[in-house]
Amino acid sequence: FFSSRRRHTRLQGDWSSDVCSSDLAIGGIHAVLDGGGVLRILGEFGSGLGLVARRAVAIAREERVEFLIVRCRPRFGRDELVASLCSDLEGVVGFVPRDLPALVEALGVLCRQDSRVLVVVEDLDLAPPGVEAVLVALARIPELALVVLGRSLPEVPVGREIVLRPLTLPETRQLVARMLGTSAIPAGLDSELWRMSGGLPALIVGVLREQVARGGIWCEGRSEDGRPRWTWNTSTDLAPAEDVSRLFDRALRSLPDTSRRIVEVLAVAGEPVPLDCLLLAADADLSGLDLGPALRLGLVAVELSGGEEWVRLRRSALQAIFMRSLDAVRIQTIHLQVADAARSRPMREWEHRFVRLHLAKGARDPEDTADLVGLGDWFLASGRPAEALELLDAASNLPLEGVDGHAALALARGDALVQLGRLPRSEEHTSELQSPCNLVCRLL
């Protein structure tokens, strides 16, 4: 299935056992299947909860265990959960009245007859109050294996609890090697995927699949040992795939309006922001209560620096995902809002840079574009070429007057690309500028 034609290379295989990180999770599933009981599995968005649920079902099928699986939703309450489980159970035991006592009795009889029955409840954190009573009743059924999954779980039913952690760099390398079918993966690909994803398996898998599908990573044949030989275009941006983006978009839409504005401000800011500045820019309650929902979903994190609290997106990949949900006008407005909020603080080095950056990004005036180029030069001089390139790419889409302005932008972008080691892109960039800036091109 490997091809030397870049855009026709496909990945195949099932990596669920790797993706759910999870000797511990799989061991827990086997344990409750063997002896009954409750297994509680927690993890943040993208940690592989859905893959763990599918893995549990696959194990049940392999071991010929009867199973029921249900996914909760915000309006999926106690009655809906009971009705769904009763409906699915009818395929095994016949008609079951749509009430909790009848469900418990039917499952109890099935457990006594077949000894092993699995019930999987996904996304429990999305369910409204009242669902816990159903799970407590199910947990009391002897021999029943109950697996509940969510980003946060109620205190009941009690049971063994496993938290899915992000993958380490060596585990990321192992996953990438398994997906590509070779231990000789392109240099730096594993570390870049790990940095971008923060170790979240869903992001790693989604981005790698997307890059192969688009030709950013391709197979050039096979090595002497018969394994595929992969090449990675390092100038390609590793962006989250659309299916993964939809997962996080759903999380963003589930937030209250003010909490969602907080996350949007962090995405546009592109870096940690002081708590007071963030709340002011998002027009949120200065008590910080509106930050709670985003914290509970694992979308943001709070850390102490310089004696005050700073807030950031937990994973760098979330910025690109959340930015996709904003239109250009909204992004421009947020740039100006965060600049105004930062100006309310004592103007130290961070505040001066931050205000200058977002005033330039939020405007559409040639003078502001020149200021953005100047700030890019400052980042380059500070040894921060990735941040410089982001600014200069933004400046290239804004109005800029005169050959000198275009030349300064070209020189700065070329310098940033060289510092980042993206020479192919630097050469392409140089060729684009031959007409207006021949001298600049020769210098690059």
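A contact here means heavy atoms within 4.5 Å. In this predicted model, Asp276 touches Glu308 and Arg345, leaving aside residues up to four places away in sequence. The chain comprises 21 helices and ten strands, and buried residues account for 50% of its 444 residues. Of the contacts between residues at least 6 apart in sequence, 66% join residues at least 24 apart.

**Nonpolar cores**

- In soluble globular proteins, nonpolar side chains tend to be buried together.
- The largest nonpolar core contains 63 residues, and Phe248, Val300 and Phe322 are those with the most contacts inside it.
- Helix H11 (residues 257–269) supplies the largest share of this core, namely seven residues.
- Another core lies apart from the largest one and has 34 residues, including Phe76, Leu100, Val121 and Leu135.
- Beyond residues up to four places away in sequence, Val300 touches Val263, Leu266, Leu291, Ala294, Leu295, Val311, Arg312, Leu313 and Arg314.

**Packing of H15 and H16**

- Two packed helices are described by the angle between their axes and the distance between the axes.
- Helix H15 (residues 328–342) packs with H16 at an angle of about 155°, and the two axes are 8 Å apart.
- Because angles over 145 degrees count as roughly antiparallel, H15 is roughly antiparallel to H16.
- The crossing of these two helices, H15 and H16, is left-handed.
- From H15, the residues His335, Leu336, Val338, Ala339 and Ala342 meet Trp350, Glu351, Phe354, Val355, His358, Leu359 and Lys361 of H16.
- Sorted by class, the contact of H15 with H16 has eight nonpolar, two polar and two charged residues.

**Packing of H5 and H6**

- Helix H5 (residues 100–114) and helix H6 (residues 131–139) have axes that come within 10 Å and cross at roughly 30°.
- Angles under 35 degrees count as roughly parallel, and H5 and H6 are therefore roughly parallel to each other.
- The crossing of H5 and H6 is right-handed.
- Leu100, Leu103, Val104 and Leu107 of H5 make the contact with Ala133, Val134, Ala137 and Leu138 of H6.
- By class, the contact of H5 with H6 has eight nonpolar residues, no polar residues and no charged residues.

**Polar and charged residues within helices**

- Glu351 is located in helix H16 (residues 349–361).
- Glu351 has a relative accessible area of 1% and is therefore buried, since buried means under 20%.
- Apart from residues up to four places away in sequence, Glu351 touches Ala342, Arg345 and Pro346.
- Arg345 is also touched by Asp276, a residue of helix H12 (residues 275–281).
- Asp276 counts as partly exposed because its relative accessibility is 40%.
- Between Asp276 and Leu286 the sequence separation is ten residues, and the C-alpha to C-alpha distance is 7.0 Å.
- Ser259 belongs to helix H11 and counts as buried, at 1% relative accessibility.
- Asp290 and Pro293 are touched by Ser259, not counting residues up to four places away in sequence.
- Gln332, in helix H15, counts as partly exposed at 24% relative accessibility.
- Gln332 and Val268 are 64 residues apart in sequence, with a C-alpha to C-alpha distance of 9.0 Å.

**Backbone geometry**

- Most residues other than glycine have a negative phi, and most peptide bonds are trans.
- The peptide bond from Val156 to Pro157 is cis, with omega near 0°.
- Pro157 is placed in the loop between strand S4 (144–150) and strand S5 (160–163).
- Arg64, although not a glycine, has a positive phi of about 55°.
- The position of Arg64 is in the loop between helix H3 (49–62) and strand S2 (66–71), and Arg64 is exposed, with a relative accessible area of 79%.
- Asp283 is a residue other than glycine with a positive phi, near 55°.
- The loop between H12 and helix H13 (292–296) holds Asp283, which is exposed, with a relative accessible area of 62%.

Conventions. Residues are numbered from 1 along each chain as its sequence is written. This is a predicted model: local features need pLDDT of at least 70, side-chain atom pairs count only at pLDDT 80 or more; totals for chains, interfaces and linings use all residues. Side-chain values use heavy atoms; hydrogens and water are left out. Helices (H or I, at least four residues) and strands (E, at least two) are DSSP runs, numbered from the N terminus. Buried means under 20% relative accessible area, exposed over 50%, partly exposed in between (1.4 Å probe, protein chains only). A nonpolar core is a set of buried Ala, Val, Leu, Ile, Met, Phe, Trp, Tyr and Cys residues joined through side-chain atoms within 4.5 Å. Axes are lines fitted to C-alpha atoms, for helices over the stretch in contact, and angles run from 0 to 180 degrees between N-to-C directions. Angles under 35 degrees count as roughly parallel, over 145 as roughly antiparallel, 65 to 115 as roughly perpendicular and the rest as oblique. A crossing is left-handed if the near helix is turned anticlockwise from the far one by less than a right angle, and right-handed if clockwise. Ala, Val, Leu, Ile, Met, Phe, Trp, Tyr, Cys and Pro count as nonpolar, Asp, Glu, Lys and Arg as charged, and the others, Gly among them, as polar.
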